[in-house]
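Hi,

Here's the structure I promised to pass on.

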Amino acid sequence: MRRLTVPWTGLTRRRRHRFAPLVVLAAALGVTGGLYTALAPSPHAEAASGVSTASIDQGRGLFLRNCSSCHGLNAEGSSDGPTLIGVGAAAVDFQVGTGRMPAANVGPQIVKKRPSFDAQQTAALAAYVASLAPGPAIPDKSQLDYTNSDIAKGGEIYRTNCAMCHNFAGSGGALTLGKFAPALRGTSPRHMYEAMITGPQSMPVFSDSTMPAKDKREIIAFLRNSAKEPGPGGLSLGKIGPVSEGGVGWLFGLGALIACAVWLGAKAR
Amino acid sequence: MAMLEKAAAQVGGTIDDRFGAAGWIKKTARKVFPDHWSFMLGEIALYSFIILLLTGTFLTLWFQPSQSEVVYHGAYTPLQGLKMSQAYESTLRISFDVRGGLIMRQIHHWAALIFVSAMVVHLCRIFFTGAFRKPRETNWIIGTILLTLALIEGLAGYSLPDDLLSGTGLRITEGVLLSLPLVGTYLSYFLFGGQFPGDDLIARLYTAHVLLIPGIFLALITVHVMLVWYQKHTQYPLPGRTEKNAVGYPFFPVYTAKAGGFFFITFGVTALLSSVATINPIWLFGPYKPGEVSDGTQPDWYMGFLEGSLRMMPPWEIRAWGYTVPMNVLVPALIVPGFMFTALGLYPFIERWVTGDDREHHILDRPRNVPTRTGLGVLAISFWLILLAGGANDLFAITFHLSINSITRAFQVLIIVIPPISYVVTKRICLGLQRRDREKVLHGRETGIIQRLPDGEMIEVHEPISDTEKWMLTQHLSRRPLELEPDTDDNGIPRRRLLLSKARARVSRFYFEDRVEPPTPAEVREIETSGHH
Amino acid sequence: MSEHTHTDAAGVEHVESADAAAAVQEEHAGAIVARDEHGEIETHYANPGLAPHIYRRSDIDKTAAQRREREVATLFGLSTIGTLIFLVSYFVFKPADKQGNSNQLLSTVHYSTLGLGLGMGLALFCIGAGAIHWAKTLMPDDEIVQERHPMHSSAEERAGAVEALKEGAAGAGLGRRKLIRNSLLGAMAPLGLLALVPLRDLGPLPGASLAYTAWRKGVRLVSDPSRNPIKAEEVPIGGVVHVMPEGIDKMPNPLDEEAKAAAIVIRLAPDELHERPDRRGWDYNGIVCYSKICTHVGCPVGLYEQQTHHLLCPCHQSTFDVTHNCEVVFGPAGRPLPQLKISVDSEGYLVADQDFQEPVGPSYWFRGEN
């Protein structure tokens with residue numbers, strides 16, 4: 001006698017439904033892809049490159065070749081880019097040093113990438129822009145020395161001023177219309193400091209007068225500690241809160257238990 | 001051995017002398033339980049509840065349910081010297097200073113997530129197989145109450161540590177309470193003991209979380225399980241199973257070992273998960289302060305559908321005669337879940353009214369054989385899933401680099417469009433599957449072998465299926481719509497409640513108009529005698 | 001012979017498959033034809049009865065059974081090892097109580113959590129797996145058939161129950177002694193008050209407390225959480241400061257006050273500001289101050305986008321346009337964020353000019369017309 005098959009109890013369904021999961025997966029991917037195309041903000045690319053040497057003049061040379069097409073020949077700005085007069089060396093060091101400038105794409109937001117210029121070139125560009133008009137300077141070593149800063153105080157300031165965008169553990173978060181606050185775990189103290197005093201893109205300005213340098217160092221101390229702090233509970237699951245926990249609970253908690261139940265219910269041979 | 005037996009006999013005798021338990025034990029030990037993996041889903045929930053009681057008791061030994069302000073001087077540097085509530089401080093102490101405290105916290109929280117997810121999957125199994133039908137409606141109602149209570153119990157539980165995330169959740173709870181017309185402010189002030197956040201809430205939630213709700217749980221779960229025991233478990237329509245028997249393994253020893261062993265499996269899996277994966281890292285969130293908030297503020301997954309419902313509701317607020325009704329909160333946070341759980345609880349009675357079926361059912365339905373019910377179930381699940389996904393719209397945005405505004409608008413459309421589509425598609429799939437079953441009974445299984453007849457015609461060879469399989473594919477009832485009763489009774493007197501009767505006929509048509517009747521033995525024989533096609 | 005099909009009240013055809021199955025099996029032994037009492041061919045196939053029992057290897061092969069036995073024992077043995085791992089982890093990994101950075105402590109807690117969890121998991125899982133393996137492979141797996149009786153009682157029993165109840169009711173005279181019945185009902189009805197009324201002291205009545213905050217004329221805006229006063233000229237364009245009223249920490253219930261008073265200061269270029277006519281002068285040189293408590297359900301709306309001048313709530317994405325009086329441009333919030341009228345004091349520090357002119361935070365029934 002042929003062995004009994006009960007298609008819908010899941011005992012022996014392999015034969016006829018082998019491809020069913022694939023079909024479902026393909027359909028799901030199709031739908032997801034479609035939604036993505038429909039919803040994704042469309043980026044369009046702009047090329048940029050450049051090599052040169054230091055000093056204000058050399059910085060100017062670099063500027064003319066790499067930046068002036070958007071920011072204007074005298075950094076006065078154009079419809080493609082804001083004026084750089086008065087933005088200060090800190091802004092240049094942050095934008096160029098994190099690879100955001102020169103911009104490779106103009107999506108909803110200019111994103112961090114591998115810097116196009118080395119440290120020396122970046123310094124030259126910064127020096128040139130700083131020579132145009134006074135603006136926030138690159139913080140020096142003493143301003144960034146957070147070794148004795150109060151981590152706990154920094155955490156409190158961070159949670160009031162920063163966590164609503166960058167998340168409680170610096171994992172980043174969504175802003176409107178495809179923009180986002182980036183994750184802060186790999187950001188250097190200098191770039192953090194510069195971002196706070198210059199307010200790049202969507203980020204507001206936290207000047208030293210409204211948020212003293214000491215507070216900023218405390219925030220940096222908190223974030224640096226948080227990035228290298230061991231997770232006492234095991235895998236961190238992205239430090240994004242209960243959503244990833246829910247996924248893991250269903251998949252590896254209930255999923256594993258259902259697998260055990262299937263084993264329990266299957267007849268032994 | 002003889003000694004042991006003698007001792008056992010003595011103990012048994014002592015017990016029976018006092019309780020007369022022999023008859024009960026004789027019956028119970030051999031009581032039969034049908035065996036299937038899907039019957040273990042409810043057990044996962046039950047066992048998770050026991051795990052929650054055990055680990056929860058451990059946590060109460062150190063937890064301080066108090067909002068009194070203290071300054072932290074514990075072991076964890078990033079919170080050193082900050083002001084916080086005793087509740088938060090004692091949770092930190094459990095996590096870092098009590099050995100095994102963190103693993104117990106993690107087991108407790110993971111078990112809570114698994115508890116509710118097991119309840120949901122269990123509910124789906126009951127629904128799609130029609131296990132809620134007479135005589136089991138009471139257990140369905142109890143299950144609905146248990147699920148509702150589980151959500152409240154979960155909310156109370158994750159609010160206890162008084163961290164930034166849970167405090168934000170309570171702030172939202174306050175906003176939801178305030179939205180209630182007329183009584184909102186009063187309810188909120190009574191719950192919080194005055195203004196938000198007040199000093200009383202954590203202690204009150206604690207009583208609810210460790211005493212009140214678990215007590216109700218314990219009582220309801222006891223009744224739930226006793227009813228399963230007393231009414232006997234349902235079984236799938238396999239050979240030899242009928243409405244008048246129960247086929248399976250005896251409670252002692254097979255089911256004792258299987259079900260008892262499964263408790264240890266559930267506990268073990270939860271412990272293993274808790275040993276490797278962090279859950280609710282409250283030390284990262286920081287203590288609650290009303291001016292602070294973090295991006296990605298979401299509740300535990302089981303409250304996610306309410307979060308999504310709040311996020312996708314349009315900004316509709318009614319202001320009239322000096323009073324305000326914030327429909328943008330009232331509808332998504334109270335009316336929508338109220339409707340969902342009411343519909344859930346009433347479903348067995350709705351279906352009973354539609355079918356006019358008053359018989360007992362112990363043989364489960366194959367979901368395809370009840371296409372409308374299955375379709376409605378998938379409709380409800382898709383509605384719930386879209387709400388759930390909507391609660392994580394910001395994470396979708398940042399993970400897939402999408403615009404959060406477009407995602408929210410898309411969800412606003414999907415929540416209206418997808419559920420009816422899911423219903424129609426599911427129903428069509430069910431009917432298609434039924435049609436395939438019918439074909440199989442009539443003509444046998446397609447073998448994929450093509451044969452050329454002498455006259456040149458190409459046919460596919462069909463392999464006949466066994467009688468057993470024929471029975472399995474045709475054993476179900478194919479319901480037909482209720483006939484509309486005549487407007488007048490036999491004496492020509494107009495019927496009362498005519499409208500209701502008409503409505504009933506209409507709903508019945510909605511349920512059973514599209515159907516595929518299983519072939520009768522007569523039809524099969526006719527085809528077989530008229531020569532194989 | 002019992003009937004095979006019948007039509008119930010609702011007009012649906014049913015098959016009493018149990019009877020049918022038994023009867024057919026006796027008479028036809030596997031044949032699929034059956035006739036009902038009218039001699040018509042039956043509408044359903046007969047239940048074929050239990051499938052023949054398939055024996056397990058351990059049922060027929062003694063060595064296989066012994067192997068199973070060893071497997072079960074191994075699982076139980078593993079469980080003991082798990083318990084040992086748990087105990088060892090408990091005593092080896094102790095939280096260090098040394099001062100300084102806590103990262104060392106976190107590592108210890110991590111190892112402790114891992115060791116205890118794995119040990120516990122192994123100990124419990126293996127007991128379960130062993131028991132189930134034992135049940136599946138070595139305990140009898142013959143399916144047992146037990147009769148199932150309808151839930152309802154027999155007609156006599158029902159009649160007996162009704163009789164007993166009637167007799168009892170007659171004895172109590174519930175129908176006759178109306179005075180007793182009505183007075184009892186009257187006594188029972190208000191009993192709920194015994195439970196409800198004492199709950200009155202759960203909290204004070206709201207009164208107008210939701211409509212007022214700690215802001216007063218002349219109260220300085222201080223940064224949150226550092227509590228530094230803010231010089232107007234030091235707020236940069238594009239800058240934000242999260243603020244609280246000065247002295248809030250000394251108030252009787254500081255957290256309650258913070259929950260209402262939290263606000264955000266933003267400086268816009270003056271030409272970007274489109275104030276409502278009746279709000280003219282509520283800003284100070286382009287510096288505006290708005291309540292940070294969302295008008296949706298009360299989350300702090302702190303997420304300011306400098307370029308679009310949008311304030312976004314991280315909880316439910318309500319978006320407010322700071323250039324246009326914080327009107328809602330996206331999301332579920334139904335009202336703009338309330339604005340705080342500000343100016344500077346003699347030393348140039350930002351101060352409030354008055355309290356918010358409408359209740360801050362989520363809407364509620366008694367909120368008033370504003």
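In chain A, 49% of the 269 residues count as buried. Keep in mind that this is a predicted model, so every value here is computed from it. The accessible surface of chain A comes to about 12500 Å², and 63% of that surface belongs to carbon and sulfur atoms. If you trace the chain, you'll find 12 helices and 2 strands. Starting at the N terminus, the order is α-α-α-α-α-α-α-α-α-β-β-α-α-α. Take the contacts in chain A between residues at least 6 apart in sequence: 59% of them join residues at least 24 apart.

Now for chain B. It has 533 residues, and 58% of them count as buried. You can pick out 19 helices and 8 strands in chain B. Its C-alpha atoms fill a box of roughly 95 × 80 × 65 Å along the principal axes. Chain B exposes about 22100 Å², with carbon and sulfur atoms supplying 66% of that area. For contacts in chain B between residues at least 6 apart in sequence, 76% join residues at least 24 apart.

Where does Asn167(A) lie in chain A? You'll find Asn167(A) in the loop between α9 (163-166) and β1 (173-174). Is Asn167(A) buried or exposed? Asn167(A) counts as buried, because its relative accessibility is 2% and the cut-off for buried is under 20%. Leaving out residues up to four places away in sequence, Asn167(A) touches Tyr158(A), Cys162(A), Gly172(A), Lys239(A) and Ile240(A), and from chain B also Ser294(B) and Asp295(B). Another one to click on is Gly241(A): it sits 74 residues from Asn167(A) along the chain, yet their C-alpha atoms are separated by 9.2 Å.

Last, the holes inside. How many cavities of 30 Å³ or more does a search of the whole structure find? The search finds 11. The largest cavity holds about 110 Å³ of space. Its lining is made of 14 residues, and those nearest the centre are Arg171(B), Glu174(B), Leu210(C), Lys260(C) and Val360(C). Two elements give two or more residues each to that lining: α7 (164-178) of chain B and α8 (254-261) of chain C. Sorted by class, the lining of the largest cavity has 8 nonpolar, 4 charged and 2 polar residues.

Cheers

Definitions and conventions: Residues numbered from 1 in each chain as written. Chains lettered and ligands numbered in written order. Predicted model: local features only at pLDDT ≥ 70, side-chain atom pairs only at ≥ 80, totals over all residues. Heavy atoms only, no water. Helix = DSSP H or I, 4+ residues; strand = E, 2+ residues; numbered from the N terminus. Buried < 20%, exposed > 50% of the residue type's maximum accessible area, 1.4 Å probe, protein only. Contact = heavy atoms within 4.5 Å. 1 Å grid on protein atoms, 1.4 Å probe; cavity = no way out; pocket = protein on both sides within 12 Å on 5 of 7 lines; lining within 4 Å. Points joined across faces, edges and corners; volume = space filled by probe spheres on them. Nonpolar A, V, L, I, M, F, W, Y, C, P; charged D, E, K, R; others polar. Areas by Shrake-Rupley, 256 points an atom, 1.4 Å probe, with all protein chains shown as cover.
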